[in-house]
Amino acid sequence: MKIYTKTGDEGSTALFGGSRVKKYNLRIDSYGTVDELNAYIGLIKDQEIDEVSKKALLKIQNDLFTLGAMLATPPEKETLKSGKERLNIPKINETAVQFLENEIDVMDAKLPQMTHFILPGGHQAVSFCHVARCVCRRAERLSVALNDQESINPAILKYLNRLSDYLFVLARMLSKQLDIEEFKWIPNKNN
């Protein structure tokens, strides 16, 4: 199988099910941003971090591939003529969201209570978490916009929302594990 097909040379691409759309289509932008997020999560996973976090991040990467496939399938193509689902894989659902919530709760129980907003940075691994969090928020915004145009599985929106929370808490947890000071945002009130 060749990696290049030349079918997108004029600015269109195929969705799962065969429909062709422009490469700037909101559906493409949504799952493309999820793909970008997955790459950043790979960067986090490649850092010198604990094995529990690496294992959770690998699961999240797999979940994001599933989520991307769900976004790449327009509603009218979700069911085959035979009545079977086109995506014959387990979908992102409440269990996937609960996994993130459980991971957040476990990490959060080990962290000091937040009293201020925290500035991103302090260590490369922590910064990668914050970049991934921002990309996750963009993927969420794009998916919300897509959902306003044509309905998507509501678990996608919940998952992306919770994943950005997970990435924030992971950044805090890595700061603690790496003994990195969290820089609090304290506005200068003298201006």
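Guide: Start with exposure. Buried means under 20% relative accessible area, exposed over 50%, and partly exposed in between, using a 1.4 Å probe and protein chains only. This is a predicted model: local features need pLDDT of at least 70, side-chain atom pairs count only at pLDDT 80 or more, and totals for chains, interfaces and linings use all residues. Residues are numbered from 1 along each chain as its sequence is written, and side-chain values use heavy atoms, leaving out hydrogens and water.

Visitor: What share of the chain's residues counts as buried?

Guide: Of 191 residues, 40% are buried.

Visitor: How do I read the secondary structure?

Guide: Helices (H or I, at least four residues) and strands (E, at least two) are DSSP runs, numbered from the N terminus. Here there are five helices and four strands. Their order is β-β-α-α-α-β-α-α-β.

Visitor: How many aromatic pairs does the structure hold?

Guide: Rings of Phe, Tyr and Trp (its six-membered ring) pair if their centres lie within 6.5 Å; planes under 30 degrees apart are stacked, over 60 edge-to-face, the rest tilted. This structure has one pair. The ring centres of Phe117 and Trp185 are 6.0 Å apart and the planes stand at 55°, so the pair is tilted.

Visitor: Why does the pair tie together separate parts of the sequence?

Guide: Phe117 lies in the loop between helix H3 (94-108) and strand S3 (118-119), and Trp185 in the segment after strand S4 (183-184), so the parts joined are 68 residues apart in sequence.

Visitor: Is Phe117 buried or exposed?

Guide: Phe117 is exposed, at 61% relative accessible area. Trp185 is partly exposed, at 44%.
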